[in-house]
Amino acid sequence: MDIFTAASALVGLSALLSYVNARFLRLPGTIGVVVLTLVLTIVMLVVGSISSGFTKFLFDLTERIDFTKTLLDVMLGFLLFAGALHVDLDELKQQFRAVLVLSTVGVLLSTALFGGGFFFLTHVFGINVPLIYCFLFGALISPTDPVAVGAIMKQAPIPSRLQTIITGESLFNDGVGLVLFISLQEVINPNVSFYFSDALLLFAREVFGGIALGLLMGYVAYRLIKASDDFQTVILLSLALVMILSVVASALHASVPLAEVTAGLLVSRRLRGKAGQEGPKVYLNRFWHLMDEILNTILFVMIGLQTVVLPFQSSFVVIGLMTAVLAIIARSLSIVLPFLLQFRLSRLNPGSLRILTWAGLRGGISVALALSLPDSPYRELILICSYCIVLFSIIGQGLTLTKLVNSVVNKAPRRAVN
(Lines give C-alpha, C1' and ligand atoms only; values in the text may rest on other atoms or scores of the structure.)
Protein backbone atom coordinates (compact mmCIF):
# COMPACT_ATOMS: atom_id res chain seq x y z
CA MET A 1 0.00 0.00 0.00
CA ASP A 2 1.61 3.28 -1.14
CA ILE A 3 1.34 6.49 0.88
CA PHE A 4 -1.40 8.03 -1.29
CA THR A 5 -3.52 4.89 -1.08
CA ALA A 6 -3.03 4.79 2.70
CA ALA A 7 -3.95 8.46 3.06
CA SER A 8 -7.02 8.00 0.86
CA ALA A 9 -8.11 4.97 2.88
CA LEU A 10 -7.63 6.86 6.14
CA VAL A 11 -9.68 9.84 4.96
CA GLY A 12 -12.38 7.54 3.59
CA LEU A 13 -12.57 5.58 6.83
CA SER A 14 -12.70 8.82 8.83
CA ALA A 15 -15.55 10.12 6.68
CA LEU A 16 -17.50 6.87 7.04
CA LEU A 17 -17.11 6.69 10.83
CA SER A 18 -17.94 10.37 11.20
CA TYR A 19 -21.13 9.83 9.20
CA VAL A 20 -22.14 6.77 11.23
CA ASN A 21 -21.58 8.67 14.47
CA ALA A 22 -23.50 11.75 13.32
CA ARG A 23 -26.34 9.68 11.86
CA PHE A 24 -26.78 6.96 14.47
CA LEU A 25 -24.53 7.09 17.54
CA ARG A 26 -24.69 10.87 18.02
CA LEU A 27 -21.86 11.09 20.52
CA PRO A 28 -19.65 14.21 20.57
CA GLY A 29 -17.72 14.07 17.29
CA THR A 30 -14.23 13.07 18.38
CA ILE A 31 -15.42 10.70 21.10
CA GLY A 32 -17.81 8.94 18.75
CA VAL A 33 -15.10 8.48 16.13
CA VAL A 34 -12.70 6.96 18.67
CA VAL A 35 -15.39 4.62 20.03
CA LEU A 36 -16.42 3.45 16.57
CA THR A 37 -12.81 2.91 15.48
CA LEU A 38 -12.08 0.90 18.63
CA VAL A 39 -15.19 -1.24 18.18
CA LEU A 40 -14.36 -1.81 14.52
CA THR A 41 -10.77 -2.86 15.15
CA ILE A 42 -11.57 -5.06 18.16
CA VAL A 43 -14.38 -6.86 16.31
CA MET A 44 -12.14 -7.48 13.32
CA LEU A 45 -9.35 -8.81 15.54
CA VAL A 46 -11.71 -11.09 17.46
CA VAL A 47 -13.75 -12.57 14.63
CA GLY A 48 -11.17 -12.34 11.88
CA SER A 49 -7.68 -13.62 11.30
CA ILE A 50 -4.58 -11.86 10.08
CA SER A 51 -5.18 -13.21 6.58
CA SER A 52 -8.77 -12.00 6.32
CA GLY A 53 -9.28 -9.12 3.93
CA PHE A 54 -10.48 -6.24 6.08
CA THR A 55 -8.33 -7.11 9.10
CA LYS A 56 -5.26 -7.24 6.88
CA PHE A 57 -6.30 -3.90 5.42
CA LEU A 58 -6.41 -2.35 8.91
CA PHE A 59 -2.97 -3.75 9.73
CA ASP A 60 -1.51 -2.47 6.46
CA LEU A 61 -3.09 0.95 6.91
CA THR A 62 -1.87 1.37 10.50
CA GLU A 63 1.65 0.14 9.76
CA ARG A 64 1.96 2.22 6.58
CA ILE A 65 1.18 5.50 8.34
CA ASP A 66 3.83 6.33 10.95
CA PHE A 67 1.65 7.71 13.76
CA THR A 68 4.47 9.51 15.59
CA LYS A 69 5.89 11.19 12.49
CA THR A 70 2.49 12.03 11.04
CA LEU A 71 1.26 13.68 14.23
CA LEU A 72 4.39 15.41 15.55
CA ASP A 73 5.94 16.42 12.21
CA VAL A 74 2.88 17.05 10.03
CA MET A 75 -0.47 17.47 11.80
CA LEU A 76 0.50 19.07 15.11
CA GLY A 77 1.56 22.42 13.65
CA PHE A 78 -1.74 22.85 11.80
CA LEU A 79 -3.81 21.83 14.84
CA LEU A 80 -1.98 24.12 17.27
CA PHE A 81 -2.09 27.11 14.93
CA ALA A 82 -5.83 26.57 14.40
CA GLY A 83 -6.38 26.30 18.16
CA ALA A 84 -4.36 29.43 18.91
CA LEU A 85 -6.32 31.49 16.35
CA HIS A 86 -9.49 31.04 18.41
CA VAL A 87 -7.98 32.06 21.77
CA ASP A 88 -8.82 35.50 23.10
CA LEU A 89 -5.40 36.95 23.94
CA ASP A 90 -6.88 39.60 26.25
CA GLU A 91 -8.52 36.91 28.38
CA LEU A 92 -5.35 34.84 28.26
CA LYS A 93 -3.36 37.77 29.64
CA GLN A 94 -5.76 38.05 32.57
CA GLN A 95 -5.20 34.38 33.44
CA PHE A 96 -1.50 34.37 32.52
CA ARG A 97 -0.26 33.63 36.03
CA ALA A 98 -2.49 30.58 36.40
CA VAL A 99 -1.57 29.33 32.91
CA LEU A 100 2.14 29.82 33.59
CA VAL A 101 2.05 27.98 36.92
CA LEU A 102 0.07 25.03 35.53
CA SER A 103 2.14 24.70 32.35
CA THR A 104 5.48 24.72 34.21
CA VAL A 105 5.27 23.88 37.92
CA GLY A 106 2.18 21.76 37.32
CA VAL A 107 3.89 19.64 34.65
CA LEU A 108 7.00 19.13 36.81
CA LEU A 109 4.92 18.18 39.85
CA SER A 110 2.72 15.81 37.87
CA THR A 111 5.78 14.15 36.34
CA ALA A 112 7.33 13.57 39.76
CA LEU A 113 4.09 12.40 41.40
CA PHE A 114 3.09 10.13 38.56
CA GLY A 115 6.62 8.74 38.18
CA GLY A 116 6.84 7.92 41.87
CA GLY A 117 3.40 6.34 41.86
CA PHE A 118 4.15 4.27 38.77
CA PHE A 119 7.41 3.09 40.32
CA PHE A 120 5.52 1.83 43.37
CA LEU A 121 2.71 0.31 41.29
CA THR A 122 4.99 -1.69 39.00
CA HIS A 123 7.00 -3.02 41.92
CA VAL A 124 3.76 -4.23 43.54
CA PHE A 125 3.19 -6.27 40.37
CA GLY A 126 6.74 -7.59 40.45
CA ILE A 127 7.97 -5.50 37.50
CA ASN A 128 11.14 -3.70 38.52
CA VAL A 129 10.95 -0.60 36.31
CA PRO A 130 13.84 1.79 37.12
CA LEU A 131 12.77 5.11 38.61
CA ILE A 132 14.25 7.10 35.71
CA TYR A 133 11.95 5.26 33.27
CA CYS A 134 9.00 6.00 35.53
CA PHE A 135 9.82 9.70 35.40
CA LEU A 136 10.22 9.44 31.62
CA PHE A 137 6.71 7.99 31.48
CA GLY A 138 5.51 10.82 33.70
CA ALA A 139 7.03 13.41 31.36
CA LEU A 140 5.19 12.10 28.30
CA ILE A 141 1.82 11.66 30.01
CA SER A 142 1.69 14.75 32.28
CA PRO A 143 1.17 17.57 29.73
CA THR A 144 -2.46 17.99 28.74
CA ASP A 145 -3.11 17.54 25.03
CA PRO A 146 -4.21 20.76 23.26
CA VAL A 147 -5.89 18.82 20.45
CA ALA A 148 -7.95 16.62 22.77
CA VAL A 149 -8.74 19.53 25.08
CA GLY A 150 -9.88 21.73 22.20
CA ALA A 151 -12.01 18.98 20.68
CA ILE A 152 -13.78 17.91 23.88
CA MET A 153 -14.29 21.35 25.44
CA LYS A 154 -16.45 22.48 22.53
CA GLN A 155 -19.28 20.40 23.98
CA ALA A 156 -18.73 21.32 27.66
CA PRO A 157 -20.30 24.51 29.12
CA ILE A 158 -17.16 25.44 31.05
CA PRO A 159 -17.14 28.99 32.52
CA SER A 160 -15.07 31.39 30.43
CA ARG A 161 -12.32 31.97 33.00
CA LEU A 162 -11.68 28.26 33.51
CA GLN A 163 -11.91 27.63 29.77
CA THR A 164 -9.15 30.18 29.16
CA ILE A 165 -6.94 28.60 31.84
CA ILE A 166 -7.48 25.05 30.53
CA THR A 167 -6.92 26.02 26.90
CA GLY A 168 -3.89 28.20 27.64
CA GLU A 169 -2.30 25.50 29.78
CA SER A 170 -2.77 22.86 27.06
CA LEU A 171 -1.26 25.12 24.40
CA PHE A 172 1.87 25.96 26.38
CA ASN A 173 2.68 22.94 28.54
CA ASP A 174 3.76 20.76 25.62
CA GLY A 175 6.94 22.83 25.27
CA VAL A 176 7.89 22.14 28.89
CA GLY A 177 6.83 18.49 28.66
CA LEU A 178 8.82 17.85 25.48
CA VAL A 179 11.98 19.42 26.91
CA LEU A 180 11.62 17.32 30.05
CA PHE A 181 10.97 14.20 27.96
CA ILE A 182 14.04 14.80 25.78
CA SER A 183 16.23 15.56 28.81
CA LEU A 184 15.25 12.33 30.56
CA GLN A 185 15.85 10.36 27.37
CA GLU A 186 19.37 11.78 27.24
CA VAL A 187 19.95 10.82 30.88
CA ILE A 188 18.89 7.23 30.12
CA ASN A 189 21.20 7.01 27.10
CA PRO A 190 24.46 5.43 28.39
CA ASN A 191 26.42 6.76 25.42
CA VAL A 192 25.68 10.42 26.16
CA SER A 193 26.95 12.54 29.04
CA PHE A 194 24.08 14.85 29.99
CA TYR A 195 24.28 17.45 32.74
CA PHE A 196 21.86 19.89 34.35
CA SER A 197 23.43 22.76 32.39
CA ASP A 198 22.61 20.87 29.19
CA ALA A 199 18.97 20.67 30.26
CA LEU A 200 18.88 24.43 30.90
CA LEU A 201 20.38 25.15 27.48
CA LEU A 202 17.92 22.76 25.86
CA PHE A 203 15.04 24.46 27.66
CA ALA A 204 16.21 27.93 26.60
CA ARG A 205 16.68 26.91 22.97
CA GLU A 206 13.40 25.03 22.71
CA VAL A 207 11.15 27.39 24.66
CA PHE A 208 12.58 30.86 24.08
CA GLY A 209 13.75 29.97 20.59
CA GLY A 210 10.28 28.69 19.68
CA ILE A 211 8.54 31.78 21.07
CA ALA A 212 10.98 34.18 19.36
CA LEU A 213 10.66 32.39 16.03
CA GLY A 214 6.86 32.38 16.29
CA LEU A 215 6.82 36.11 17.01
CA LEU A 216 9.15 36.92 14.12
CA MET A 217 7.53 34.80 11.42
CA GLY A 218 4.03 35.46 12.76
CA TYR A 219 4.59 39.22 12.47
CA VAL A 220 5.89 38.93 8.91
CA ALA A 221 2.89 36.80 7.94
CA TYR A 222 0.52 39.22 9.67
CA ARG A 223 1.86 42.17 7.67
CA LEU A 224 1.40 40.27 4.42
CA ILE A 225 -2.07 39.01 5.35
CA LYS A 226 -3.23 42.44 6.50
CA ALA A 227 -2.30 43.94 3.13
CA SER A 228 -4.51 41.47 1.24
CA ASP A 229 -8.28 41.18 0.96
CA ASP A 230 -8.17 38.17 -1.35
CA PHE A 231 -9.46 34.97 0.31
CA GLN A 232 -7.12 32.65 -1.59
CA THR A 233 -4.04 34.75 -0.86
CA VAL A 234 -4.85 35.05 2.87
CA ILE A 235 -5.31 31.29 3.21
CA LEU A 236 -2.14 30.47 1.25
CA LEU A 237 -0.13 32.87 3.39
CA SER A 238 -1.42 31.24 6.59
CA LEU A 239 -0.66 27.76 5.23
CA ALA A 240 2.82 28.87 4.25
CA LEU A 241 3.37 30.31 7.73
CA VAL A 242 2.43 27.05 9.47
CA MET A 243 4.44 24.80 7.16
CA ILE A 244 7.59 26.95 6.92
CA LEU A 245 7.52 27.63 10.65
CA SER A 246 7.49 23.90 11.37
CA VAL A 247 10.44 23.30 9.05
CA VAL A 248 12.52 26.20 10.37
CA ALA A 249 11.77 25.45 14.03
CA SER A 250 12.75 21.80 13.56
CA ALA A 251 15.97 22.78 11.78
CA LEU A 252 16.90 25.21 14.58
CA HIS A 253 15.85 22.70 17.30
CA ALA A 254 13.29 25.16 18.65
CA SER A 255 9.91 24.09 19.96
CA VAL A 256 7.51 23.66 17.05
CA PRO A 257 4.41 23.67 19.32
CA LEU A 258 5.39 26.94 21.03
CA ALA A 259 6.35 28.54 17.70
CA GLU A 260 2.99 27.65 16.13
CA VAL A 261 0.97 28.74 19.17
CA THR A 262 2.85 32.06 19.42
CA ALA A 263 2.38 32.78 15.72
CA GLY A 264 -1.31 31.93 15.88
CA LEU A 265 -1.90 34.16 18.91
CA LEU A 266 -0.03 37.06 17.31
CA VAL A 267 -1.87 36.84 13.97
CA SER A 268 -5.24 36.51 15.70
CA ARG A 269 -4.57 39.45 18.04
CA ARG A 270 -3.26 41.78 15.35
CA LEU A 271 -6.02 41.15 12.83
CA ARG A 272 -9.05 43.02 14.11
CA GLY A 273 -11.93 42.80 11.65
CA LYS A 274 -15.10 44.83 12.02
CA ALA A 275 -18.23 42.95 13.07
CA GLY A 276 -20.21 41.67 10.10
CA GLN A 277 -17.51 42.70 7.61
CA GLU A 278 -15.54 40.33 5.41
CA GLY A 279 -11.78 40.48 5.92
CA PRO A 280 -8.60 38.48 6.60
CA LYS A 281 -9.66 37.56 10.17
CA VAL A 282 -13.00 36.20 8.96
CA TYR A 283 -11.32 34.26 6.14
CA LEU A 284 -8.81 32.73 8.53
CA ASN A 285 -11.45 31.77 11.09
CA ARG A 286 -13.60 30.04 8.48
CA PHE A 287 -10.78 28.09 6.87
CA TRP A 288 -8.93 27.07 10.03
CA HIS A 289 -12.11 26.06 11.84
CA LEU A 290 -12.83 23.64 9.00
CA MET A 291 -9.19 22.45 8.93
CA ASP A 292 -9.30 21.89 12.69
CA GLU A 293 -12.45 19.76 12.48
CA ILE A 294 -11.16 17.62 9.61
CA LEU A 295 -7.72 16.99 11.09
CA ASN A 296 -9.21 16.25 14.50
CA THR A 297 -11.45 13.57 13.02
CA ILE A 298 -8.57 11.95 11.13
CA LEU A 299 -6.31 12.10 14.20
CA PHE A 300 -8.81 10.41 16.49
CA VAL A 301 -9.39 7.66 13.93
CA MET A 302 -5.61 7.13 13.89
CA ILE A 303 -5.62 6.91 17.70
CA GLY A 304 -8.30 4.23 17.58
CA LEU A 305 -6.44 2.30 14.88
CA GLN A 306 -3.37 1.95 17.10
CA THR A 307 -5.26 -0.88 18.83
CA VAL A 308 -4.38 -3.06 15.86
CA VAL A 309 -0.62 -2.90 16.36
CA LEU A 310 -0.30 -2.61 20.15
CA PRO A 311 1.19 -5.73 21.79
CA PHE A 312 -1.48 -6.15 24.48
CA GLN A 313 -0.88 -8.41 27.47
CA SER A 314 -3.59 -8.95 30.06
CA SER A 315 -1.35 -8.11 33.02
CA PHE A 316 -0.17 -4.91 31.34
CA VAL A 317 -3.76 -3.87 30.61
CA VAL A 318 -4.62 -4.20 34.32
CA ILE A 319 -1.67 -1.98 35.20
CA GLY A 320 -2.72 0.38 32.43
CA LEU A 321 -6.19 0.81 33.92
CA MET A 322 -4.66 1.52 37.31
CA THR A 323 -2.29 4.09 35.80
CA ALA A 324 -5.32 5.91 34.37
CA VAL A 325 -6.48 6.45 37.96
CA LEU A 326 -2.93 7.36 38.98
CA ALA A 327 -2.79 10.00 36.23
CA ILE A 328 -5.95 11.63 37.56
CA ILE A 329 -4.55 11.68 41.11
CA ALA A 330 -1.23 13.17 39.95
CA ARG A 331 -3.09 15.74 37.88
CA SER A 332 -5.27 16.74 40.83
CA LEU A 333 -2.34 17.14 43.23
CA SER A 334 -0.29 19.06 40.64
CA ILE A 335 -3.14 21.60 40.46
CA VAL A 336 -4.06 21.80 44.14
CA LEU A 337 -0.52 22.21 45.50
CA PRO A 338 0.51 25.20 43.32
CA PHE A 339 -2.80 26.95 43.89
CA LEU A 340 -2.57 26.42 47.64
CA LEU A 341 0.87 28.04 47.60
CA GLN A 342 0.41 30.73 44.94
CA PHE A 343 -3.24 31.64 44.80
CA ARG A 344 -4.80 30.39 48.04
CA LEU A 345 -8.07 28.62 47.42
CA SER A 346 -10.01 31.88 47.64
CA ARG A 347 -9.24 32.50 43.97
CA LEU A 348 -10.38 29.10 42.74
CA ASN A 349 -12.84 27.07 44.80
CA PRO A 350 -12.82 23.24 45.07
CA GLY A 351 -15.45 22.95 42.34
CA SER A 352 -13.26 24.88 39.91
CA LEU A 353 -10.28 22.72 40.80
CA ARG A 354 -12.35 19.60 40.05
CA ILE A 355 -13.13 20.98 36.60
CA LEU A 356 -9.46 21.81 35.99
CA THR A 357 -8.51 18.28 36.99
CA TRP A 358 -11.12 16.47 34.89
CA ALA A 359 -10.64 18.69 31.83
CA GLY A 360 -6.90 17.93 31.71
CA LEU A 361 -7.20 15.46 28.84
CA ARG A 362 -4.42 13.39 27.33
CA GLY A 363 -4.40 12.55 23.65
CA GLY A 364 -2.40 11.58 20.60
CA ILE A 365 0.78 13.41 21.58
CA SER A 366 1.31 11.09 24.56
CA VAL A 367 0.82 8.01 22.37
CA ALA A 368 3.18 9.44 19.75
CA LEU A 369 5.91 10.08 22.33
CA ALA A 370 5.45 6.60 23.80
CA LEU A 371 5.82 5.09 20.32
CA SER A 372 9.03 7.10 19.84
CA LEU A 373 10.72 5.46 22.85
CA PRO A 374 13.76 3.35 21.97
CA ASP A 375 13.64 -0.39 22.50
CA SER A 376 13.95 -1.40 26.13
CA PRO A 377 12.43 -4.01 28.46
CA TYR A 378 9.96 -1.35 29.64
CA ARG A 379 8.84 0.18 26.33
CA GLU A 380 5.92 -2.18 25.80
CA LEU A 381 4.51 -1.59 29.29
CA ILE A 382 4.80 2.20 28.99
CA LEU A 383 3.19 2.13 25.54
CA ILE A 384 0.19 0.06 26.67
CA CYS A 385 -0.28 2.14 29.82
CA SER A 386 -0.09 5.36 27.78
CA TYR A 387 -2.76 4.07 25.44
CA CYS A 388 -5.03 3.08 28.35
CA ILE A 389 -4.66 6.55 29.90
CA VAL A 390 -5.42 8.28 26.60
CA LEU A 391 -8.51 6.16 25.92
CA PHE A 392 -9.81 6.71 29.45
CA SER A 393 -9.14 10.42 29.07
CA ILE A 394 -10.87 10.84 25.72
CA ILE A 395 -13.83 8.53 26.32
CA GLY A 396 -14.27 8.47 30.10
CA GLN A 397 -13.42 12.07 30.97
CA GLY A 398 -14.75 13.39 27.67
CA LEU A 399 -18.19 11.85 28.11
CA THR A 400 -18.56 12.93 31.75
CA LEU A 401 -17.02 16.41 31.61
CA THR A 402 -20.29 18.18 30.80
CA LYS A 403 -22.07 16.40 33.65
CA LEU A 404 -19.31 17.39 36.08
CA VAL A 405 -19.38 21.01 34.94
CA ASN A 406 -23.15 21.21 35.28
CA SER A 407 -23.05 19.73 38.78
CA VAL A 408 -20.38 22.20 39.91
CA VAL A 409 -22.09 25.21 38.34
CA ASN A 410 -25.51 24.27 39.73
CA LYS A 411 -24.20 23.81 43.26
CA ALA A 412 -22.28 27.08 43.48
CA PRO A 413 -22.98 30.73 42.71
CA ARG A 414 -21.91 31.52 39.17
CA ARG A 415 -19.32 34.05 40.33
CA ALA A 416 -17.60 31.26 42.30
CA VAL A 417 -16.65 29.30 39.18
CA ASN A 418 -16.21 32.07 36.62
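This is a predicted model: local features need pLDDT of at least 70, side-chain atom pairs count only at pLDDT 80 or more; totals for chains, interfaces and linings use all residues.
Before you start: local features need pLDDT of at least 70, side-chain atom pairs count only at pLDDT 80 or more, and totals for chains, interfaces and linings use all residues. Residues are numbered from 1 along each chain as its sequence is written, and side-chain values use heavy atoms, with hydrogens and water left out.

**Stop 1: the helix pair**

Select residues 146-153, helix α8, and residues 280-305, helix α13. Helices here are DSSP runs (H or I, at least four residues), numbered from the N terminus. The two pack at an angle of about 115 degrees, and their axes lie 11 Å apart. Axes are lines fitted to C-alpha atoms over the stretch in contact, and angles run from 0 to 180 degrees between N-to-C directions. α8 is therefore roughly perpendicular to α13 (65 to 115 degrees).

Now show side chains. From α8, pick Val147, Ala148 and Ala151; from α13, pick Asn296, Leu299 and Phe300. These residues make the contact (heavy atoms within 4.5 Å). They divide into 5 nonpolar, 1 polar and no charged. Ala, Val, Leu and Phe are among those counted as nonpolar.

**Stop 2: Arg26**

Go to the loop between α1 (3-25) and α2 (29-47) and select Arg26. Its phi is near 60 degrees, a positive value in a residue other than glycine. Arg26 is exposed, with a relative accessible area of 63%. Exposed means over 50%, buried under 20%, partly exposed in between (1.4 Å probe, protein chains only).

**Stop 3: His253**

Move to the loop between α11 (231-251) and α12 (256-270) and select His253. His253 is not a glycine, yet has a positive phi of about 60 degrees. His253 is partly exposed, at 47% relative accessible area.

Definitions and conventions: Angles under 35 degrees count as roughly parallel, over 145 as roughly antiparallel, 65 to 115 as roughly perpendicular and the rest as oblique.
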